[in-house]
Amino acid sequence: MSEADSTRTQRQHWDDTYRTHPGMYGSAPSAPAVHAAQAFRAAGAKRVLELAAGHGRDALYFARQGFTVLATDFSGVALDQIQRAAQAQGLATTVSTIVHDLRERLPLDDETVDAVFAHMALCMALSTKEIHAAVNEVRRVLRPGGQFVYTVRHTDDAHYGAGNPLGNEIFEHGGFAVHFFSRELVDRLADGWALDDVHTFEEGDLPRRLWRVTLVKPD
């Protein structure tokens, strides 16, 4: 399958998933988002960018915590759900959305956001080269001293090596393609950043095994 075909397949998969299961992850924020909100507030952040925000449980939580939020995702179906929920919760003026593929340049000027959050965004069906490019884009749009908190499934996860191997440490299981991170990749992505923390945690019924990584852009 070509890269373009893979992208279309994954986009259609997520559109269909969000359409069939609106609000599939619930309305409560993820544990990493709760942690990130505390860290962002302590650092004086005001404008937060969330990558691959899905149907918005974390983006809406950040807005309720007083941040101005830009939520991106490559599923327009998911972003429509965010917009409707923001309107219903009185957050329409503090939450904006834009369709964006992580393989592409972010539609933002340099150093225009205070903090960036990405829960399992970087471990989607992205090559290592594309992941590096995405992290470089985050560093470009983040102000000096700003934080980037991201989570990824790693090579100790029960699904690592299971399902259909797509190469580049990507495995498809149940229709979901996941790039499983090694610690070496985490360290390489931290080049040019201050690596503040790598926290191990579990999520879900499997459970999924993840790292929560905090990077700080040097002043």
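Select M120 to begin: at 17% relative accessibility this residue counts as buried, where buried means under 20% relative accessible area, exposed over 50% and partly exposed in between, with a 1.4 Å probe and protein chains only. M120 sits in the loop between β4 and α5 (128–141), and its phi is positive, about 60°, although the residue is not a glycine. Most residues other than glycine have a negative phi, and most peptide bonds are trans.

Before moving on, note that this is a predicted model, in which local features need pLDDT of at least 70 and side-chain atom pairs count only at pLDDT 80 or more, while totals for chains, interfaces and linings use all residues. Residues are numbered from 1 along each chain as its sequence is written, and side-chain values use heavy atoms, with hydrogens and water left out.

Next, select N168, in the loop between β6 and β7 (170–173). N168 too has a positive phi of about 60° without being a glycine, but at 37% relative accessibility N168 counts as partly exposed. Step back to G167, which is found in strand β6 (residues 164–167) and which, at 35% relative accessibility, also counts as partly exposed. From G167, draw a distance to H179: the two are twelve residues apart in sequence, and their C-alpha atoms are 9.1 Å apart in space.

Zoom out to the whole chain, whose secondary structure comes to six helices and ten strands; helices (H or I, at least four residues) and strands (E, at least two) are DSSP runs, numbered from the N terminus. Of the 219 residues, 49% count as buried. The chain exposes about 9900 Å², of which carbon and sulfur atoms supply 48%, the areas coming from the Shrake-Rupley method with a 1.4 Å probe, and for residues only the protein chains shown count as cover. Among contacts (heavy atoms within 4.5 Å) between residues at least 6 apart in sequence, 70% join residues at least 24 apart.

Select α2, residues 31–42, together with α3, residues 57–64: the two helices pack at an angle of about 35°, with their axes 10 Å apart. Such axes are lines fitted to C-alpha atoms, for helices over the stretch in contact, and angles run from 0 to 180 degrees between N-to-C directions. Which residues of α2 and α3 meet? A33, V34, A36, A37 and F40 in α2 meet D58, Y61 and F62 in α3.

Keep α2 selected and colour its buried residues, which are P32, A33, A36, A37, A39 and F40. What covers them includes α3 as well as the strands β1 (47–50), β4 (113–119), β5 (142–153), β9 (194–203) and β10 (208–216). Beyond the end of α2, find G44, whose phi is positive, near 80°.

Finish on helix α4, residues 76–88, where 13 residues at 1.5 Å each should span 18 Å, and the end C-alpha atoms are 18 Å apart, which agrees; the expected span is 1.5 Å times one less than the number of residues. Here V77, A78, L79, Q81, I82 and A86 are buried, and just after α4, G90 takes a positive phi of about 70°.
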